[in-house]
Amino acid sequence: MTDTLSRALFERAIRLIPGGVNSPVRAFRAVGGDPVFIQRAEGAKLYGADGTAYLDYIGSWGPMILGHAHPDVIRAVQDAATRGLSYGAPTELEVKFAEKIQSLYPSMEMMRCVSSGTEATMSAIRVARGFTKRDLVVKFEGCYHGHADHLLVKAGSGLATFGTPDSGGVPEGIAKTTLTLPFNDEAALRDLFAKVGTQIAAVIVEPVVGNMGCVPPDPGFLEALIALCRDHGAVSIFDEVMTGCRLAAGGAQERFGLRPDMTTLGKIVGGGMPLAAYGGRADIMSVIAPLGSVYQAGTLSGNPIAVSAGLATLQHLGPALYMRLEALGARLEEGLARAVKDSGATACVQRVGSMITLFFCEGPVRSWSDADKADRKRFAAFHGELLRRGIYWPPAQFEAAFLSGAHTEEDVDRTVMAAAEALKSAS
Ligand code: KE4
């Protein structure tokens, strides 16, 4: 279902932009129908091309934890813009940003700004390879770390065999340097380290997975991952692009009391502007140019407008916000679980903080092989029913939905009611 203005815009867009979108998930291919073109957003609402208001559970795929167009963030951007948009030279803003990030992420003894989560993870892995002088990288099925070649890799035929490309354009030679294991499979990780531990440069993980839907770590899994890396001289990388400042101001590592060797951040830290970062132990980060031999650079890295938006966002990440997000998240989770039960649908709800997913399969979902059982068609029907009721849920089963500080209890109750109707009519 789309408004006629969105439809007209989509017809123009598909002539010039592949799929009519600048990022694939926005094309609604997983749920059918045409994407809604958005003209503006405020608080917890998106407004379509025809002015229709939608309750937003995407939040720009994570960044908008305060809600859209927060006055302090808008003011910071407007104010910064009057001093010019980009200098290509160091600024006090970047120092303040680095100090703020380190206060939230003590494991990030040194850090560098980049402009996207992909750049952050790509750079972190290059640094880990340069520091360890090893080639192999381990990731987990169902985790997404951006679109760098060596991260668009799926598991080979046997468990933990060399990776095979998960995208066109990725050479076999690059894919084979990435090994893929099932998330939450500590035994498989232990076994892999026993076999090739001396060749592993890094293990990268979403500490709470958002990219197969919301999948929490089993108790002890992350602790074992960090310990195995330490014992074998590999670098543990928490990809907190999504969980950073989402699950706590200090991300999953604060929530779980963990200290990875490196961390990548994005999304919320830029407040909706193109800003991301990677960092970690000072000895590891000392290999980066101009200090060391590992090269990484960026014209707009640490851009003053983006950093101003980020700093204005970070200043609002206090305990009251996370208490509110936890309460709203629990209310939504309970309501959706009740709606699933009442409808008799085969589905489960999984949540950590303000990240939540309704899977159309039996729970619990602990890994990609569990998530892959989800009924995509049922999800697509559910999504369409919600959209018709003015609820903009992520247009893909394998994505997390997000609450913001701008959502209200009434918004959540309205969403639960719409979901109950959608579950009944989509069954
Ligand atoms: P970006 O390059 O899109 O800024 O970040 C890549 C990335 C890295 N790590 C994690 C854990 C991520 O979730 C992402 C990007 N997330 C997707 C949503 N699942 C962004 C939305 C999109 O691709 O359009």
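Q: Which strand gives the most to the lining of the second largest pocket?
A: Strand 4 does, with four residues. This is a predicted model, in which local features need pLDDT of at least 70, side-chain atom pairs count only at pLDDT 80 or more, and totals for chains, interfaces and linings use all residues. Residues are numbered from 1 along each chain as its sequence is written, and side-chain values use heavy atoms, with hydrogens and water left out.

Q: What makes a stretch a strand or a helix here?
A: Both are DSSP runs numbered from the N terminus: helices are H or I of at least four residues, and strands are E of at least two. On that basis the protein chain has 14 helices and 16 strands.

Q: Why is the protein chain called as compact as a globular protein of its length?
A: The radius of gyration, taken over C-alpha atoms, is set against the globule rule, 2.2 Å times the number of residues to the power 0.38. The chain has a value of 21 Å, close to the 22 Å given by the rule for 427 residues, so it is as compact as a globular protein of that length.

Q: What makes a space a pocket, and what makes it a cavity?
A: On a 1 Å grid over the protein atoms alone, a cavity is a set of points where a 1.4 Å probe fits but cannot get out, whereas a pocket is an open set with protein on both sides within 12 Å along at least five of seven lines; lining residues have an atom within 4 Å of a point. A search of the whole structure finds one cavity of 30 Å³ or more.

Q: How much space lies in the largest cavity, and which residues line it?
A: About 50 Å³ lies there, volume being the space filled by probe spheres set on grid points joined across faces, edges and corners. The lining includes D56, H68, F402 and H407.
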